[in-house]
Structure formats: structure tokens, C-alpha cells
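Dear colleague,

I am passing on the structure we spoke about, and below it you will find what came out of going through it. Please read the notes with the model open beside you.

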Amino acid sequence: MIGRRSFGVTTLGLVAGLTAVRGAAAQESWPTRPVTVVVPWGPGGSTDTFARLLAARLATDLGKPFPIDNRFGANGTIGFASVARARPDGYTVMVATVSTYAMAPHLLQLPYDNATAFSGVGQLAQMPMFMVVPKSSPIRTLTDYVIQAKRAPGRETYANSGSGSSTHLATELFLQQAGIQVTEVGYRGGGPATQAVINGEAGMVFVVSSGVMPFLQSGDLRALAVTTRERTPLAPNVPTFAELGFPDYEVVEDLAMLAPAGTPTPILERLNAACAAAMQAPEVAERLTALAVTPKVRPASEWPSYLVAENTKWRDLIRSREIRIQ
């Protein structure tokens with residue numbers, strides 16, 4: 001005869017077992033309904049365009065819609081906060097940029113714990129940045145620029161597209177490593193900052209590849225260096241900072257996919273593999289090249305160490321340069 005206590009324990013064990021089986025089955029059959037892709041930036045930008053291109057291919061490959069939900073504002077943290085609150089079931093993910101998951105935490109008060117609120121599907125792609133000057137500038141090389149800036153501290157100017165932006169911090173990292181003083185001129189966004197340099201209102205700007213390639217091709221801007229560790233196929237004749245005497249300099253606009261913390265590992269891994277396959281599709285690869293985006297998918301297992309390294313790098317720069325959101 002089974003006692004009440006034994007019966008209760010047996011029942012709990014059966015329930016736990018059935019729950020585990022159902023959970024495993026749900027993961028194996030995922031997705032069974034649409035997967036929302038949050039973009040923490042507005043429609044029409046490079047991140048949004050990338051996310052829509054990726055989502056369309058994922059929908060084709062995985063058989064369910066991947067609708068885009070633009071939740072923008074506060075340097076991307078509004079979208080991040082919405083994903084942090086979502087259920088960790090694989091039906092809410094986010095296309096994120098390094099400026100929010102590694103820079104914003106050291107500049108803003110966040111309504112979520114950046115270190116624990118998300119699970120990483122993984123890095124997906126990169127956009128290099130270029131340090132550029134106008135075609136009218138007498139400066140021809142990075143060495144010329146450093147010499148000129150040291151000769152007259154503060155006389156040279158740079159266009160800042162926004163305090164705390166990835167291009168702003170890329171500039172600050174260069175100024176720190178070069179040991180030079182350059183006067184900041186503020187603008188509202190990358191487009192106005194780039195146009196200001198073309199017009200000669202400022203002498204230099206760091207620009208993400210998606211926003212600068214047409215001006216490099218037209219000759220309106222001259223690239224002194226690219227911020228990636230190796231030369232980019234987008235502009236193979238442009239040297240890297242490492243080649244030009246700055247071996248520790250590397251900055252890229254990384255694009256990653258995140259999910260709410262606790263999202264099952266098998267779902268993260270399947271999404272990671274699906275993203276890698278999507279970006280290898282010929283029509284997607286062609287569009288990415290046109291967007292000046294370079295695919296670089298890394299496994300979900302590498303996300304935690306990468307997140308710590310990037311946060312440490314930018315936290316230290318922000319503190320040492322005393323950078324504030326204005």
C-alpha cells in the first residue's frame with residue numbers, strides 16, 4: 001500500500017518529469033509561432049536594415065515569421081529593457097549593438113542588470129569605422145595628423161555625432177593612445193557630423209562604414225585609417241591603426257543577437273546556427289556587402305567572455321577620459 005507521503009512524492013516526481021519532457025519537446029519543435037525581433041533603434045538605420053534582412057531570411061529558413069519591433073530611445077536602452085522583461089522562451093530576441101551592451105552601462109543608469117539580464121545568441125556581424133578628413137585637407141596620412149595635432153594642441157577639431165556613441169568613444173580611444181588634444185564640435189547624429197567634415201566645418205570624424213563608403217568612393221572624404229585589426233575588403237587600400245603605430249587600437253561596431261536571460265541553450269544554439277546560415281545565403285551576402293556589413297558569427301558559448309572584455313575596455317576608457325552624456 002502506498003502511503004500519502006510516498007504518493008505525494010511520486011506525484012511530484014511525475015509532474016517534474018512531464019514538465020521536463022514537455023520543455024525538451026518545446027525546444028526541439030521551436031519555433032511554433034512568430035519570433036519577435038526587437039530593434040532598439042529607429043526604422044531605416046543600418047541596424048534596422050540589417051535586422052530586417054536577417055529576419056526575412058530566418059523566416060524563410062525556420063518557417064515562422066520574425067516580425068521587427070522598433071523600440072528606440074535612450075541610447076538603445078528602452079529596447080533592451082523590454083527584452084529584459086520578456087519571457088525566456090525563445091520568442092523574443094533582439095539585434096543589439098556594442099554601443100548599448102558595452103558602452104551605455106558605464107554612461108547611464110539602467111533599469112536592468114546589463115551583466116545578467118540577457119543570454120547571448122552570439123555576435124553576428126561587424127561594421128568597421130574609418131577616420132576621415134575632407135578632400136580639401138592638407139593632411140594625407142595618420143602620421144601627418146598626429147604631428148599636426150601635437151604641433152598645435154587644441155587647434156584641430158573633430159565632429160562628434162553624439163556623446164557616448166560608438167564613434168565618439170572610438171575617437172576618444174585614438175586621442176588617448178596618440179596623446180593629442182583635439183577640440184570637439186558636437187552634432188546630432190552621424191549624418192550631420194559627416195556632412196560637417198565634408199563642408200569643412202570640422203577637420204576630422206570617425207564614421208561607421210555604412211555611413212561613409214559613398215563619400216570615400218566619390219572622393220569627398222579621405223580615409224586615414226580603418227579601425228579593424230585587419231584591413232577590410234570594403235576598402236583594402238586603407239591601412240589599419242595597428243599598421244600605423246597603434247598596435248592596441250581596435251574598434252568595430254559589433255552587431256549581436258540577445259535573448260532574455262534563461263532562454264534555453266538549445267534554442268540559442270539553433271538560432272546562432274540559423275543566423276550563420278542566413279548570412280551565407282547569396283542574396284543576403286550581396287545585400288550585406290552593399291550595406292558595408294561584414295558577417296562574423298561566433299558561437300553562443302563565446303558571448304559571456306566577450307561581453308566582459310568589451311565592458312571592461314569601454315568602462316576603463318570612459319572613466320579615464322571622464323566622458324559624460326551631455
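Grid points are joined across faces, edges and corners, and a volume is the space filled by probe spheres set on the points.

Please keep in mind that this is a predicted model, in which local features need pLDDT of at least 70 and side-chain atom pairs count only at pLDDT 80 or more, while totals for chains, interfaces and linings use all residues. Residues are numbered from 1 along each chain as its sequence is written, and side-chain values use heavy atoms, with hydrogens and water left out.

The C-alpha trace spans about 95 × 40 × 30 Å along its principal axes. Of the 326 residues in the chain, 49% are buried, a word that stands for under 20% relative accessible area, with exposed meaning over 50% and partly exposed in between (1.4 Å probe, protein chains only). Among contacts with a separation of 6 or more, 80% are between residues 24 or more positions apart, a contact being heavy atoms within 4.5 Å.

Turning to the cavities, a search of the whole structure finds 2 of 30 Å³ or more. The largest cavity has a volume of about 40 Å³, and its lining consists of Phe 80, Tyr 101, Asn 114, Phe 118, Leu 258, Trp 303 and Leu 307. By class, that lining has 6 nonpolar, 1 polar and no charged residues, where Ala, Val, Leu, Ile, Met, Phe, Trp, Tyr, Cys and Pro count as nonpolar, Asp, Glu, Lys and Arg as charged, and the others, Gly among them, as polar.

As for the pockets, about 920 Å³ of space lies in the largest pocket. It is lined by 37 residues, of which Trp 41, Ser 161, Ser 165, Gly 189 and Gly 190 lie nearest its centre, and the elements that give two or more residues to this lining are H2, H6, helix H7 (190-198), S7 and helix H8 (209-218). The lining residues divide into 11 nonpolar, 23 polar and 3 charged. Ser 161 also belongs to the lining of the second largest cavity.

The second largest pocket holds about 210 Å³ of space, and its lining has 3 nonpolar, 4 polar and 5 charged residues.

Which way do H2 and H10 run relative to each other? Helix H2 (residues 46-62) and helix H10 (residues 282-290) pack at an angle of about 180°, with their axes 11 Å apart, and they are therefore roughly antiparallel. The contact is made by Thr 49, Phe 50, Leu 53 and Arg 57 of H2 and by Glu 283, Val 284, Arg 287 and Leu 288 of H10. Axes here are lines fitted to C-alpha atoms, for helices over the stretch in contact, with angles running from 0 to 180 degrees between N-to-C directions; angles under 35 degrees count as roughly parallel, over 145 as roughly antiparallel, 65 to 115 as roughly perpendicular and the rest as oblique.

Some backbone details remain. The peptide bond from Trp 30 to Pro 31 is cis, with omega near 0°, and Pro 31 lies in the loop between helix H1 (4-29) and S1. Ala 74, in the loop between strand S2 (68-70) and H3, has a positive phi of about 55° although it is not a glycine.

With best wishes

Definitions and conventions:
Helices (H or I, at least four residues) and strands (E, at least two) are DSSP runs, numbered from the N terminus. On a 1 Å grid over the protein atoms alone, a cavity is a set of points where a 1.4 Å probe fits but cannot get out, and a pocket is an open set with protein on both sides within 12 Å along at least five of seven lines; lining residues have an atom within 4 Å of a point.
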